[in-house]
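Please consult the sequence and the coordinates alongside the text.

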Amino acid sequence: MTPETLDESTPNRGAGKPDTSSKTTAAAPPGSSQKKDPVPGDRTWATAGGSPPAQRGGAADAPNQERESGVLYLGIDLGTSRTAIAGSNGVRHSFPSVVGYPRDVVARKLLGKEVLFGDEAFKKRLSLDFYRPLEHGVIKYTDGKDSDSDLAEMNRKAAADIVKEAVRCARGRKDELVYAVIGCPAQASITNQRGLVDAAREIVDSVMICSEPFAVAYGLNRLDDVLVIDIGAGTTDLCRMKGTLPDAEDQITLTSAGDAVDQLLAALLRDKCKGAQFTVNMIKEIKERHAFVDEASDPVLVDLPVEGKPTPFDVTSEIRQACRSIVPPIVDAIRKLISTFDPEFQKVLKNNVLMGGGGSQIRGLARAIQQEMRDKLGEGNVTAVEEPVYAGANGALQVAHDMPPSYWEKMR
Amino acid sequence: MRTSLTSTLLRLVRERAHGTSLRTLRREGVEKVTVLDAGRLQEIVEQAVQQTLLRRGIELGGGEREAFLAEAAERVRDLMRERDDYRARSKALSEEKSALSRQLTEVEQRFGQEKEKLETRIRSSHESLVREREMSEEKLLEQQEQHETRMREISSQLERERLRLASQIDVLKRDLDITRSELQNVRAAETSSVVRERELRAEVDQARQDAGLGADSSRVPTGAEELTAEEAVYLADPAAGLPDRIRTAVEELLKQRELRRGGRPLDPAEEAAALREGIVHLSIGILNDLRRHALVQARQAQKERIENLERRLRKLKGNLATAEELLATAQSARDEDSGVASLSGDAQGLDPGDTRYQNKKKLLEEIFNQNLHLRGLIQEGGVSDA
């Protein structure tokens with residue numbers, strides 16, 4: 001731009017300014033006002049269970065005593081199906097643990113992004129190299145002979161991107177240190193724990209790993225004589241708590257979990273709904289909407305395409321059968337953990353079973369496990385946690401918050 | 001005296017005894033009863049009194065002994081009355097106890113029923129609250145997700161808009177330069193047309209002088225001036241009034257010829273010269289008007305073009321300013337979310353007032369040590385599941 005142009009254009013710009021500046025003022029507040037004056041009411045914690053640990057005690061009674069801590073504590077539950085995050089700033093978020101990268105230049109230009117997550121990735125998956133990097137609770141292909149393959153590398157990258165996205169969703173301030181605790185499956189290998197640590201270290205200042213069932217128990221302050229069942233998509237983790245950190249013999253990991261239910265349901269529907277076309281994602285959606293194990297239930301009717309035409313099918317018994325399939329293995333695992341426990345405390349343990357994870361949302365599952373326990377073990381009392389999706393993340397956040405600051409410093 | 005004591009004792013026993021039948025006794029498993037007759041009862045009492053007195057070293061005379069026995073009999077009666085009173089009170093208390101016990105059972109039953117009702121109500125309201133909360137949370141999450149998706153879309157739109165605006169600004173700047181240069185060209189052309197007009201005017205003046213006419217005193221406007229009402233006349237079609245004008249001029253020439261002749265015959269050479277002069281005058285006038293018409297029209301067109309160019313310039317500058325404002329807004333909007341601050345109402349770390357402080361402290365230490373060990377393995381590069 002020449003000096004002459006500058007001179008001539010200035011008056012016009014000045015003339016146009018009042019109009020545009022008023023628009024800017026109207027659009028600007030979200031960023032500027034939040035920076036100057038964060039409003040607790042804007043935050044997404046809505047329930048007592050969702051309150052950040054930082055609000056314990058007096059803080060809850062006197063919110064005006066809150067002050068910026070300069071450290072954002074995060075609890076992350078990196079699940080096979082969903083990733084949940086809870087932050088000490090009150091932000092909580094969960095999204096499907098899937099990642100997509102545009103397949104080519106055209107897709108990249110069309111999507112306008114280098115990487116897509118969660119539901120958005122699901123919707124655009126035909127234009128993407130689509131990854132669901134976790135399987136059976138750990139990063140795919142990172143154990144065993146495929147650990148050096150390109151596939152393993154891509155899955156590691158996808159997992160790292162999910163962790164980054166989760167941290168981004170926590171909406172921490174740029175000037176805050178971020179200390180995170182990631183919950184991992186009870187029996188995750190060291191290699192997998194390393195994968196998670198490597199993924200997180202790129203974006204957080206300090207990170208620690210802890211067992212997911214332990215995190216659930218810690219978050220609920222149930223550390224003694226309680227048996228935690230965490231029913232995820234890839235695995236069901238069982239862990240008995242005895243007031244100490246659980247050992248290997250205190251934990252059992254089963255693959256009878258959400259994915260297994262999906263596979264069985266798909267097989268049952270293939271037999272029942274002749275000619276119907278469906279994908280695993282459709283099955284998952286049907287399950288998430290209608291899952292139950294009760295005897296009495298309203299009929300479940302779903303529309304599935306048959307030669308392109310949506311056709312209604314009654315899938316009530318198939319859903320019940322698929323969902324019930326996880327009950328016997330879980331009760332068998334409970335029996336193993338109880339029978340090897342101190343006989344004096346077996347009764348207490350049987351009557352203190354806590355169930356969490358996305359799978360615990362199956363309607364009537366707690367009652368079904370309880371009944372099966374009574375049949376096989378004589379007695380049993382199963383309680384479903386109130387926030388199955390966030391129980392792990394809340395517990396990990398509690399661990400993060402309770403961890404002495406000096407420990408965090410040493411882990412940097 | 002002996003008979004009196006015996007009869008008293010018998011009366012007392014009768015009064016306080018209760019009747020029963022042999023059948024009843026048999027039913028209760030009693031097969032044999034011990035019988036104590038009145039004489040034996042009196043002997044026992046007298047014997048007991050005598051022995052008591054002897055143990056205490058008191059030997060009573062006949063009268064004293066009788067009086068003593070009478071008092072003792074009275075005492076026995078008192079004692080039996082007391083016993084009867086105690087029995088009656090005991091019975092009343094027992095009945096009261098039974099009534100209270102019944103009341104307690106009823107209260108317990110009512111309490112149990114109320115408790116069950118309350119528990120059912122609490123359970124159902126808890127379930128409904130949990131359902132409501134789940135629904136509201138789901139809704140909240142859905143809204144949040146929608147908001148974030150929308151934010152991402154907006155961000156992406158803003159980026160696209162930014163690129164579009166940047167490219168539009170380039171185009172606008174180019175157009176602006178082109179329009180400016182066009183305007184300069186037009187102004188230069190206008191200047192050259194004024195020069196050309198002056199040259200033409202000089203040529204016309206020269207022609208007028210050559211024809212023996214005076215210089216044209218009418219003023220020719222420059223391109224920069226506004227048109228006067230007189231000049232505006234020249235915007236009309238010059239050919240429209242030409243026949244009338246020629247006719248009027250010819251009639252004028254003929255009238256002047258008649259005036260010049262004054263009833264005498266004219267010299268043909270003089271007449272021809274006058275006619276030629278009149279025709280030249282008329283022709284120059286017409287040419288002059290045509291020239292004026294052309295000049296005024298050119299000037300008007302030039303003026304309109306300049307105005308048009310200036311309007312375009314103004315519009316381009318306005319668009320450029322708007323585009324630059326939008327670009328600035330888009331750039332600032334790209335990172336408008338500065339995040340949510342982490343807040344703390346108390347000190348970080350484990351709460352010393354926690355009832356499980358020691359236990360939790362130990363657990364946290366173990367978690368830390370495990371992570372430290374893992375970190376050590378990672379740094380050494382020796383991670384292996386073995």
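Helix α9 (residues 258-272) of chain A packs against helix α10 (residues 280-290) of chain A at an angle of about 105°, their axes lying 9 Å apart. This angle makes α9(A) roughly perpendicular to α10(A), a term for angles of 65 to 115 degrees. Axes are lines fitted to C-alpha atoms, for helices over the stretch in contact, and angles run from 0 to 180 degrees between N-to-C directions. On the α9(A) side, Val261(A), Asp262(A), Leu265(A) and Ala266(A) meet Val280(A), Ile283(A), Lys284(A) and Lys287(A) of α10(A). By class, five nonpolar, no polar and three charged residues make up this contact. Here Ala, Val, Leu, Ile, Met, Phe, Trp, Tyr, Cys and Pro count as nonpolar, Asp, Glu, Lys and Arg as charged, and the others, Gly among them, as polar.

The model is predicted; local features need pLDDT of at least 70, side-chain atom pairs count only at pLDDT 80 or more, and totals for chains, interfaces and linings use all residues. Residues are numbered from 1 along each chain as its sequence is written, while chains are lettered from A and ligands numbered from 1 in the order in which they are written.

Chain A has a mean pLDDT (the predictor's confidence in each residue, from 0 to 100) of 79, and 80% of its residues reach 70 or more. Over residues 1-66 of chain A the pLDDT is below 50, although this stretch has 90 contacts in the model beyond near neighbours in sequence. A contact requires the C-beta atoms of two residues, placed from the backbone, to lie within 7 Å. Where pLDDT is low, the predicted coordinates should not be read in detail.

Chain A contains 16 helices and 18 strands, whereas chain B has eight helices and one strand. These elements are DSSP runs numbered from the N terminus: helices (H or I) of at least four residues and strands (E) of at least two. The chains are summarised below; a residue is buried if 20 or more other C-beta atoms, placed from the backbone, lie within 10 Å of its own.

| Chain | Residues | Buried |
|---|---|---|
| Chain A | 412 residues | 48% |
| Chain B | 386 residues | 8% |

An open sheet in chain A has five strands in the order β14-β13-β12-β17-β18, with mixed pairing. Strands β14 (251-254) and β18 (382-384) of chain A stand at the edges with a single partner strand each, so one side of each is left without a neighbour in the sheet. Neighbouring strands of this sheet are turned by 20° against each other on average, direction ignored. Strands pair if DSSP finds at least two bridges between them; three bridges join β17 (residues 353-356) of chain A to β18(A), and these two run parallel. Met355(A) has Ala384(A) in β18(A) as its bridge partner. Helix α12 (residues 327-339) of chain A lies across β12 (224-231), β13 (236-242), β14 and β17 of chain A, running at about 165° to β14(A).

Elsewhere in chain A, five of the six residues of strand β3 (residues 82-87) are buried, so this strand is largely enclosed by the rest of the structure. Five bridges join β3(A) to the antiparallel strand β2 (residues 71-78) of chain A, and a hairpin connects β2(A) to β3(A) through three residues. Asp77(A) stands opposite Ala84(A) in β3(A). Five bridges also link β3(A) to β4 (residues 92-96) of chain A, again antiparallel, with Ile85(A) partnered by His93(A) in β4(A). The hairpin of β3(A) and β4(A) has four residues between the strands, and Gly90(A) in the turn has a positive phi of about 90°.

Notes:
A residue is buried if 20 or more other C-beta atoms lie within 10 Å of its own, exposed if 12 or fewer, and partly exposed in between; C-beta atoms are placed from the backbone. Angles under 35 degrees count as roughly parallel, over 145 as roughly antiparallel, 65 to 115 as roughly perpendicular and the rest as oblique.
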